[in-house]
Amino acid sequence: MKTYLLRLSADQSETKGNWRTLPETPNATGNEGETTQLHAEVESVPVFAAGHQLSGALTGARRCIGSQQLQPDGTFAYVPCRTARIITKGKQCFPCSRADESRLIHHTPREKASPALIKYLDVPHFLYVAGFADGTWKVGTSRLARGENRWVEQGAVVAIRVAQYEDGWQVRAAEDATSTNLDFTQAVRSSRKAKSFLPQTSLSELVLAACEKATEVKNFLQGQAPDEEMDLFAPLALGKQSSPETNPELAGVTPEPLNQDSAGAKLFAETLKNQAAKTNGRATANQGTEWDWIIENQLGWANPAAQPWLDKPLTALPKGTLNYPQTWQIEAVFGPTAILRSLDDEHGEGQVVDLGALISQEWELNLPASH
Ligand SMILES: [Zn+2]
């Protein structure tokens, strides 16, 4: 039977998975380092995305997921592991882990960077705060051109763009300073993201908390900006409250809207406006100003795929139960989290699955007859 590896990617406002066909191994329980002569290839099989079905089983083997490599034009390309090597721990074999250049983004000083990495980082970046369903907050960075894709692939529930920088070196320094000085992490594990959906919450709570977190970071960065640290912190735009007095370069600069008409931008703005109407009179003057700043500059985003599941009773899918003969309806996928429902139990609760834990696992799929 053919075996497959799941690969996730952000596609507009959706997370989608593709099944990659794996080479057959003469000895599937072989040791790490053992290679086969066959190459992994992409085959057209049903995608792992909302609306599709899943019927399959984990074989118990783990395979290398490949690496991210920089191209001469300064973009990253996904490179599958040449032999989809069997591994015993982690998600990559040693050669792929060594070849993976995505980690360089955060640690390489400019003088040691390759021309491709310099190209990658020498474009406008933004700093954002993103929240997950249980109120875990992270600070992160993205190239401006990637827009909301970064939040989709991470499975964030809400996010606010806080500042925009001329390049990736400056935004990286700002991110480090923020996570060192304030209570933010730079990475959230996929298992935590999946678990965060179990206690029910509401989008308006998360949107309000996002505004507070964004304001906290904005105030911190503005306090860091003056004179002597100008090289490190030269945000192009911090929203309307940035003033030419604190940073002359800010005069006349406003943030470029990322996502004016996206469903996520609208969802965030509407939730915030409804909440503002509800608390009118009780909200402090400061809150009001911050909310206006966020709405007017279209800085906020809420994940439309995740929203319907925030206030629904969900349970964690017990280990081992994904395996056939059950067939699962894929109800939603946001970043590394999926919500499945058994087709044998249509009225049952949605089951939350941490795809991060499955990403390097080999699958056998029960494909529909047409394949
Ligand atoms: Zn590999």
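A crossing is left-handed if the near helix is turned anticlockwise from the far one by less than a right angle, and right-handed if clockwise.

I'm working on a predicted model, where local features need pLDDT of at least 70, side-chain atom pairs count only at pLDDT 80 or more, and totals for chains, interfaces and linings use all residues. Numbering runs from 1 along each chain as its sequence is written.

**Helix α5.** I looked up α5 (residues 168–181) and α7 (residues 203–224); helices are DSSP runs of H or I, at least four residues, and strands are runs of E, at least two, numbered from the N terminus. Their axes come within 11 Å and cross at roughly 115°; axes are lines fitted to C-alpha atoms over the stretch in contact, with angles from 0 to 180 degrees between N-to-C directions. That makes α5 roughly perpendicular to α7 (65 to 115 degrees). α5 passes α7 in a right-handed crossing.

I then listed who makes the contact (C-beta atoms, placed from the backbone, within 7 Å). α5 gives Ala174, Ala177, Thr178 and Asn181, and α7 gives Val217, Phe220, Leu221 and Gln224.

I also checked burial (20 or more other C-beta atoms within 10 Å of a residue's own). Among the buried residues of α5 are Arg172, Ala174, Glu175 and Thr178. Their cover includes β9 (125–131), β10 (137–143) and α7.

**Alanine 214.** I found alanine 214 in α7, buried with 28 other C-beta atoms within 10 Å. Leaving out residues up to four places away in sequence, alanine 214 touches Val129, Ile160, Val162 and Ile294. I noted tyrosine 128 too: 86 residues from alanine 214 in sequence, yet 7.7 Å apart in space, C-alpha to C-alpha.

Technical notes:
Parallel < 35°, antiparallel > 145°, perpendicular 65-115°, else oblique. Contact = placed C-beta atoms within 7 Å. Buried ≥ 20, exposed ≤ 12 C-beta atoms within 10 Å, placed from the backbone.
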